[in-house]
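The tour goes from stop to stop, and each stop begins with something to select.

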Amino acid sequence: MSEYRGIWVYSENKELMLELLGKGSELAGKLNTQLTVPVLGHEAREHAKELAGYGAQKIVIVDSPQLREFQVEPYLSVLTQLTQQHKPELFLIGSTRRGKELAARLAARLNVGCIPDCQELDVDDQGRLLARRIVYGGNAIVTQVFRIKPQIVTIPRRRFEKAEYTETSKGEITAAENLQVEPSKTEIVEVKPIEVAETKIEEARMVVGGGRGLDKKEDFKILDELAQILGGQVGYTRPLAEDRKWFTEWVGLSGHTISPELYIACGISGVIQHVAGIRDSKIVVAINKDPEAPIMEMADYIVIGDLYEIVPALSAALRKLLAST
Ligand SMILES: Cc1cc2nc3c(=O)[nH]c(=O)nc-3n(C[C@H](O)[C@H](O)[C@H](O)COP(=O)(O)OP(=O)(O)OC[C@H]3O[C@@H](n4cnc5c(N)ncnc54)[C@H](O)[C@@H]3O)c2cc1C
């Protein structure tokens, strides 16, 4: 029997952590093993108790003032030692910017593999983990298995259902001992908030996307209005940021990957590099003058016409509808 047993999950993002707990519990059931969460921080015992309610069977607290703020080297050193001591067979890490950095560096330190951004995870009848992810800019789905353990996998937001809270669920909480917290190689000298949208585009449930079909930056006010009515956000294609310099970020293969309930693509052709970032949207609506635009192949609803007429008309109709309810 393998010396590696148990599933560990970790994310600094609370919502994603609950999704990892949900999927981790399911896999732990299939593999007949336990679900463990490491809690890194300072004075984090209350948080540990809460995680037990969400199905963590074991919680390992690593309490140190050096872990108060996320810094990659201290966190990495702790996770490396914990993994070496406890030998989980599978470690699920949230695919945030920090999580991806941690996962890749953890795998390098342990000299094992890491499968990033898994879309699906299952166990076959031999107990092997099957990890599926999108490759070639969204043109193919690959299924991968690990040859060695621990198996390190990163999981993006909204792939799996969140674990449910149960008052009676009680996990075993222990404090990790004899761990060396590696000092950070960098020092935070200042933290300054930058001007960002209230919700990150990855978190938005409704996204109105704009592309080169919009002639001027000011024209985005019609998309802003629609997004506001829907309680969502506006996203952009890359040429608007890279070539026209109107914005600083975009959606797609080289930009943000989003998974909203609704994506309304306005004046966007929908070539593969853009589609790679919106593939996980639940419903895609395309508003485009060109019935042959590639976006039509993946859209659930198609509106052929001029966005300058359709988008304001849609906003007006939605306003009317909302006013009457
Ligand atoms: C390595 C690499 C990475 C890339 N990564 C990304 C990425 O992450 N994200 C990304 O978006 N792109 C990316 N691109 C660029 C990508 O290839 C496309 O060039 C880009 O997505 C096209 O943007 P668009 O749809 O806004 O423009 P276009 O392709 O020019 O499409 C504009 C669309 O608007 C329609 N239209 C015009 N006027 C109107 C109107 N009045 N009403 C309605 N419809 C109208 C047209 O019919 C057309 O379909 C990448 C490219 C490379 C090479």
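The stops below start with the whole chain and end at the ligand.

**Before selecting anything**

This is a predicted model, in which local features need pLDDT of at least 70 and side-chain atom pairs count only at pLDDT 80 or more, while totals for chains, interfaces and linings use all residues. Residues are numbered from 1 along each chain as its sequence is written.

**Stop 1: the whole chain**

Show the protein chain as a cartoon. Its C-alpha trace spans about 65 × 50 × 40 Å along the principal axes. The chain has 9 helices and 15 strands. Helices (H or I, at least four residues) and strands (E, at least two) are DSSP runs, numbered from the N terminus.

Of the 325 residues, 37% count as buried. A residue is buried if 20 or more other C-beta atoms lie within 10 Å of its own, exposed if 12 or fewer, and partly exposed in between, with C-beta atoms placed from the backbone. Two residues are in contact if their C-beta atoms, placed from the backbone, lie within 7 Å. Of the contacts with a separation of 6 or more, 62% are between residues 24 or more positions apart.

**Stop 2**

In what order do the 7 strands of the open sheet lie? The order is 5-9-4-1-2-3-10, and the pairing is parallel. Select strand 5 (114-115) and strand 10, which are the edge strands, each pairing on one side only. Two strands pair if DSSP finds at least two bridges between them. Strands of a sheet pair through backbone hydrogen bonds, either parallel or antiparallel.

Now select residues 35-41 and 58-63. These are strand 2 and strand 3, which pair in the parallel sense over 6 bridges. Pro38 has Val60 as its bridge partner in strand 3, and Val37 stands opposite Ile59 in that strand.

Ile61 stands opposite Ala175 in strand 10.

**Stop 2: Val62**

Stay in strand 3 and select Val62, which lies there. Is Val62 buried or exposed? Val62 counts as buried because 23 other C-beta atoms lie within 10 Å. Leaving out residues up to four places away in sequence, Val62 touches Pro38, Val39, Leu40, Leu67, Val78, Ala176 and Leu179.

**Stop 3: the largest nonpolar core**

A nonpolar core is a set of buried Ala, Val, Leu, Ile, Met, Phe, Trp, Tyr and Cys residues joined through C-beta atoms within 7 Å. Select Val9, Leu21, Leu92, Ile152 and Val153: of the 43 residues in the largest core, these touch the most other members. Helix 1 (residues 14-31) gives the largest share of this core, 6 residues.

Zoom in on Ile152. Beyond four places in sequence, Ile152 touches Phe91, Ile93, Ala103, Leu106, Ala107, Val112, Gly113 and Cys114.

Then move to Met17, which is found in helix 1. Met17 is buried, since 22 other C-beta atoms lie within 10 Å. Draw a distance from Met17 to Gly94: they are 77 residues apart along the chain, and their C-alpha atoms are separated by 7.0 Å.

**Stop 4: Ile295**

Select Ile295, in helix 8 (residues 295-298). Ile295 is buried, with 24 other C-beta atoms within 10 Å. Setting aside residues up to four places away in sequence, Ile295 touches Ala265, Ile268, Ser269, Gly270, Ala286 and Asn288.

**Stop 5: the ligand**

Finally, select the ligand. How many residues surround the ligand? There are 27, and the closest are Gly211, Gly213, Arg238, Gly252 and Ser269.

Helix 7 gives the most, with 3 residues.

Colour the shell by class to see 10 nonpolar, 12 polar and 5 charged residues. Ala, Val, Leu, Ile, Met, Phe, Trp, Tyr, Cys and Pro count as nonpolar, Asp, Glu, Lys and Arg as charged, and the others, Gly among them, as polar.

Conventions:
Near = placed C-beta within 6 Å.
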